[in-house]
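Please look through the sequence and the structure shown below before reading on. The paragraphs that follow take a few places in turn and describe what surrounds them.

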Amino acid sequence: MTGTQESEYDAIVIGSGITGGWAAKELTEKGLRTLMIERGREVVHGKDYTMEHKSTWEMPLRNARLSPDKQGAEDYQVQARTGQFRESTKQFFTKDTKHPYEEVKPFTWVQGDQVGGKSLIWGRQVYRWSDLDFEANAKEGIGVDWPIRYKDIAPWYSYVERHVGVSGEKLGLPQLPDGEFLPPMQMNAGEKHVKAGIERRFKERRVTIGRVAILTANHKGRAACHYCGPCERGCSTGSYFSTQASTLPPAMATGRLTVLPDSIVHSIVYDPKSHRVAGVRVVDTRTKATREYKAKVVFLCASTLGSARILLNSKSSTFPNGLANSSGVVGHYLMDHHFRAGATGRIEGLADHYYQGNRPNGIYIPRFRNLGDVATKQPFARGFGYQGSAARAGWGRGTSGPGLGVQLKRKLHDAGDWTMGITGFGECLPREDNKVTLSERTDEFGIPILRIDCSWGPNEMAMRKDMRQSAIDMLEAAGLKSVVGTDDYKEGGLGAEPGLGIHEMGTARMGRDPKTSAVNGFCQAHDVPNLFVTDGSVMASASCVNPLRGGPTQEEEHLMDRRDFLKVSGAAGLATMWGSSLACAHSTAAAGAANPALIPGGFTLAQVGLQLYTVRDAMSKDVDGTLASVAGAGYHLVETAGLYQRPAADLRALFDKHGIRTVSGHYPLVDLEASPETVFTTAKTLGQEYVVVPFLDPSLRTAETFGSLPSRLNKLGEAAHGAGLKLAYHNHDFEFQKYGGTTTVMERLLANTDPTLVSFELDGYWAFKAGTAPADLVARYPGRFALLHLKDSTAAPEKAFADVGHGVIDFRRFIAAAQRNGLKYAFVERDVAPDPIASIKASHDYLASVLPA
Ligand SMILES: Cc1cc2nc3c(=O)[nH]c(=O)nc-3n(C[C@H](O)[C@H](O)[C@H](O)COP(=O)(O)OP(=O)(O)OC[C@H]3O[C@@H](n4cnc5c(N)ncnc54)[C@H](O)[C@@H]3O)c2cc1C
Ligand code: SF4
């Protein structure tokens, strides 16, 4: 499976589970040479499913549950707490003795460390999230707002479903959007009976067959499920989604993937000079030798807890609290789904109905609480859905009790009662005090182990009461007998403790603000542009369903602009219990790798600078310190706006000190006209190519001024030319008005100035604010816009300032159009910013992700 192990790749993916598999597929299919590093052993599809069709009598413990106190279970004290752990499946669970952690309060960390991760043993239930989920934090003031909404992620759901094959029934419910489904599996007689009873009594509740990543028809070279039995032993026909069956084959087919098993990532290496991650430090789990691998972009897909551990352990002088953790949120806001509260009951009247065989699925009852109307409102926040199934007791029940002869034979021959059980899966709220930190203890590889401190809060406890009571009400409404409510939660004990839901999320949450979140809406670390976290750790809330996602189709890729693409792909990565991102592939743009998602045409990040007006207050107080911050934010090119009461030569010396070059400066029209030589001398002392007329005072904005302005600019342009410089004019929004003319001032300036003497610096924000698409304007006037100002706009009616890439302006299109039409330099500017240094950094990070270095 592995290729040649080189030390340098375009991309590194850490983890080979559901999210790592997706990242590898998308990255390699986009042309990137990718190294996938997995701490567990290699598992070859088919060949290594050694328990797949083993009969019970072939197993020494007859496929026992291996409860923690049973023989052979000493290595699996934690894993054995989950129902799926048995003698036949333990090969895909991790030995707790090999991967220990500390529980401050009971927390069950189920781990599946091998190539394929937990994709080999997962339950395969997959549901789309809705805006009920994405909007909840913002509406309720809990946690941070998701930077994405359902419309952003919907195309990715479709993309994943088409690749994976998901069977299910369409319901048309807003809280559980329908997907692109293969035919649904069938409910059995007991489930149909209960469905009819519940839907008759509760009009707003629905009972449907589970939506599962299991094929009900042959699909993309994989065979339809033949309902053979327990899937957690591996499926050699590839009928359920796993890394091995679905994402690894296309990634391997590209010839660009190298899989490195038995290799644990110790930490990610950060390069303070480039402000990027350079690669990873790895320990060979067999020899304990360490080695470093380099890449232009790193995707962290080690699962919520594994990824948090790596980030926290990747400390440097820049990030003493862990990589990409300037916000301090990494490790916090750990979530899981709480479950095991519901009810069971006996179904009467179906004695003549029988069923045979296994069906790897159950029923699902979608959320019906707190849907936004008064009727469904509850005293707790959020909601829950139910999973469950009906079954008829078979001959096995006769073997557990005493019996002899005819009586025993009859007992084994007759079918037993039908019973039905349902258990809620409830949403858990994000809380800062539910957290993981690094312990002082280390594992055998010298890596600090995790210390997990997590508990259910009052909201979860209130919800559980309703989960139990509503289950009783529904089963009774369906006419079941001997209905018993269940709740396995025990304070301070095991039964329904956090972690047992095995849907951990939230330790590197996504958000808009770098101060309160670790990654942006593209799953890209706010602090480090070439680091992407695309597993469940980026979830800002938990929903009550398991999400899925994936990468884009070529058509979608071309249809979407870069921002949407990244946003959606990030969203994809983000949500994921499974299916990862692709933010991925495209964010490799950040690496400058050959990548179709880069803005085409050759304009590079090195041509992007900062208009120092953005940091004017700081510059007026401390030029030296501010320039250090500007360089620290990634800018080595600037456009000046004043000299801060210093001689030009002194300012230039400071620029030199910080490795900054200035190529353009803003000089008031009045100064230029009064003493052009003085301005030109200043510009040349600073080393500038362009002198730019920045702004016309409102008192000057008259029909008369605009009538004479073109010829005045031509004259100044000629003078600049003579001095070995170039003249440009920078716009605001007022130039898009007519001021007595038949066309706008901008059009008249463009028409009546000499292209060989006067250039323009197009401020895309002001054009956008005035109702003109900046990309259209540069395309209409090729060769006229040598310079750009880049700042974004919010979607709000007042069109407020926003950091580049964080608003609604289509920069991909704007920059692409400008560079086709003569663009030389572009300057980030934000006229008003609450925190100018954070703002310029956020803009730079975005541009670093869409432009080659
Ligand atoms: C029994 C069970 C039932 C489940 N049922 C469902 C379900 O029905 N629906 C659903 O949506 N989800 C379900 N889940 C959860 C789902 O499996 C996980 O959410 C999903 O696998 C997470 O994907 P991942 O890629 O983030 O992590 P994983 O699949 O766990 O993969 C992470 C990989 O990273 C590797 N890794 C970790 N640390 C390092 C390191 N330092 N260096 C190198 N490699 C490392 C691990 O070995 C592992 O292979 C279930 C899980 C289990 C166990
Ligand atoms: S039941 Fe279906 S999906 Fe599960 S192992 Fe058998 S064939 Fe594969």
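By class, how many nonpolar, polar and charged residues does the shell around ligand 2 have? The shell has eight nonpolar, three polar and no charged residues, where Ala, Val, Leu, Ile, Met, Phe, Trp, Tyr, Cys and Pro count as nonpolar, Asp, Glu, Lys and Arg as charged, and the others, Gly among them, as polar. The residues that surround ligand 2 are Ile214, Cys225, His226, Tyr227, Cys228, Gly229, Cys231, Cys235, Ser239, Tyr240 and Pro360, a residue being near a molecule or strand if one of its heavy atoms lies within 4 Å of it.

This is a predicted model, in which local features need pLDDT of at least 70 and side-chain atom pairs count only at pLDDT 80 or more, while totals for chains, interfaces and linings use all residues. Residues are numbered from 1 along each chain as its sequence is written, chains are lettered from A and ligands numbered from 1 in the order in which they are written, and side-chain values use heavy atoms, with hydrogens and water left out.

The structure holds three cavities of 30 Å³ or more, and the largest cavity has a volume of about 70 Å³, a volume being the space filled by probe spheres set on the points, which are joined across faces, edges and corners. Its lining consists of Arg128, Ser130, Leu132, Asp133, Gln175, Leu176, Tyr364, Pro366, Arg367, Ser543, Cys544 and Val545, and by class this lining has six nonpolar, three polar and three charged residues.

One of these lining residues, serine 543, belongs to the loop between strand E16 (531-533) and helix H11 (554-559), where helices (H or I, at least four residues) and strands (E, at least two) are DSSP runs, numbered from the N terminus. Serine 543 has a relative accessible area of 1% and is therefore buried, since buried means under 20% relative accessible area, exposed over 50%, and partly exposed in between (1.4 Å probe, protein chains only). The phi of serine 543 is positive, near 50 degrees, in a residue other than glycine. Most residues other than glycine have a negative phi. Lysine 220 also is not a glycine and has a positive phi of about 50 degrees; its place is in the loop between strand E4 (208-209) and H6, and lysine 220 is exposed because its relative accessible area is 58%.

The C-alpha atom of glycine 255 is separated by 23 Å from that of serine 236, 19 residues apart along the chain.

Serine 314 occupies the loop between helix H7 (304-313) and strand E9 (338-347), and it is buried because its relative accessible area is 3%. Its side chain reaches the backbone nitrogen of isoleucine 268 at 2.8 Å, a polar contact being a pair of N or O atoms within 3.5 Å, for which, within protein, one must be able to donate a hydrogen and the other to accept it, and residues adjacent in sequence count only if both atoms are side-chain atoms. Not counting residues up to four places away in sequence, serine 314 touches Ser267, Ile268, Phe319, Gly322 and Leu323, where contact means heavy atoms within 4.5 Å.

Leucine 480 is found in the loop between helix H10 (458-477) and strand E15 (481-487), and it is buried, with a relative accessible area of 6%. Leaving aside neighbours within four places in sequence, leucine 480 is in contact with His193, Val194, Gly345, Arg346, Ile347, Met420 and Leu475. The C-alpha atoms of leucine 480 and methionine 420 are separated by 8.4 Å, although these residues are 60 residues apart along the chain.

Glycine 388 lies in strand E11 (residues 384-392) and counts as buried at 16% relative accessibility.

Definitions and conventions:
On a 1 Å grid over the protein atoms alone, a cavity is a set of points where a 1.4 Å probe fits but cannot get out, and a pocket is an open set with protein on both sides within 12 Å along at least five of seven lines; lining residues have an atom within 4 Å of a point.
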